[in-house]
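Thanks, everyone; today I would like to walk through the salt bridges of one model. Please have the structure open as I go.

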Amino acid sequence: MASSNRTLSFLVVTALLLLGFTIGILIGYFGISRDVDTCGAACRQPDAEQIFDGIVAQMKTTNIEKYLKRLTNTPHLAGTPADLENAEYVRDEWLQQGLDSAKIYSYDVLLSYPDPNQDNKVQILDGDDVNFTCAIKEKGLRPEEDRDDIVNPFNAYSGQGSVTGDLVYINYGRVQDFEELEKLNVTLKGKILIARYGKIFRGNKALGAEQRGAIGLILYSDPADHIAKGVTDVYPDSWWLPGTGAQRGNLHVSDHKGDPLTPGYPANDYAYRTTVEESPLPSIPVHPIGYDDAKMFLRELKETITLPDGWAGGIPDITYNIGPGFRDPNRKVRMEIHTSNQRRNTYNVIGFIRGAVEPVSGTLARVVTLHHSLIN
């Protein structure tokens, strides 16, 4: 009997507790107005589109022009004194504009430079004589561009060396282009290849050429890809690429962009580094030229097979052919590339604005400070 009374008492108490809990939930749900802001402005998230529109509306094109001119007025190749000078300028500007802090972070990176004492050359040989040499330096097309400190065209991380051989045109140097050449029984081993920029990354063009036994690669920007159809005026009379323009750029092929020796990690002084031999950099010479110079090579190629559809570019007054080799069998192509890789310091500038809601977290301010710079 006593046991039954205790059981009944337990059930009654349990039922009362459940009832009280349920009533509390109901009061909390229905008793508080949905229109009341219980946590203030910190909980209200502004509309992202409104923020974007507000920032764009405040931008000043005159400031964009001012900062662009200042940062590009002097050649500032990574790892040079001008590179550090630009970093210090950005840091000082951000601090002057009111950022909470701005710091320069230095990284020890494998970089690439043309040799100041030995020019990179791409030539047409006629026997032992030099018939033609590509422009060593891009021609200045406006008075302010006629200066001695302009960096000559080069492809960063190119292999070094002097190679001579027959030339083969490979279109864009894509996998499908190499497959097309294979179907046509065009041998690339021991040849120097010429490819137009576009469709894929330049480093993949170099990698594909090397994998197929080529000894060198020339890259150029074809008018078909860099000038609007029907346009005849180029820079400085318009914004389209002139025939003297050579596209610089690196050849590093990797899922981890940045320093080739510290893939996927910051290039700090204490970072573990792979060797240059272990890094995915080409071993063959690679060099960029303008389409005025490319014309001198392409017009000489002999017609041995029918050009595949879509392979003809836009250089005027020539017939695109594949080769291999020139119509004159005595003529060959020679590449002399002296570009070297060196470890040097380069820099990131990072600005911070303390958040209103979470001031301790710190907000990376690249975009925010760019906006700040453009409107102030």
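Predicted model: local features only at pLDDT ≥ 70, side-chain atom pairs only at ≥ 80, totals over all residues.

Let me begin with arginine 142, which at 38% relative accessibility counts as partly exposed, where partly exposed lies between buried, under 20% relative accessible area, and exposed, over 50%, using a 1.4 Å probe and protein chains only. Residues are numbered from 1 along each chain as its sequence is written, and side-chain values use heavy atoms, with hydrogens and water left out.

Arginine 142 forms a salt bridge with glutamate 145, the closest N and O atoms being 3.6 Å apart; by salt bridge I mean a side-chain nitrogen of Lys or Arg within 4 Å of a carboxyl oxygen of Asp or Glu. Glutamate 145 is also partly exposed, at 25% relative accessibility.

Elsewhere, salt bridges with shared partners join Asp126, Glu300, Asp328 and Arg331 into one network. Within that group, arginine 331 pairs with aspartate 126, with 3.6 Å between the closest N and O atoms. Arginine 331 is buried, with a relative accessible area of 16%, whereas aspartate 126, at 29%, counts as partly exposed.

Turning to another pair, the side chains of aspartate 108 and arginine 343 meet in a salt bridge at 2.6 Å, N to O. Aspartate 108 counts as buried at 13% relative accessibility, and arginine 343 as partly exposed at 46%. Under the salt-bridge rule, the count comes to 18.
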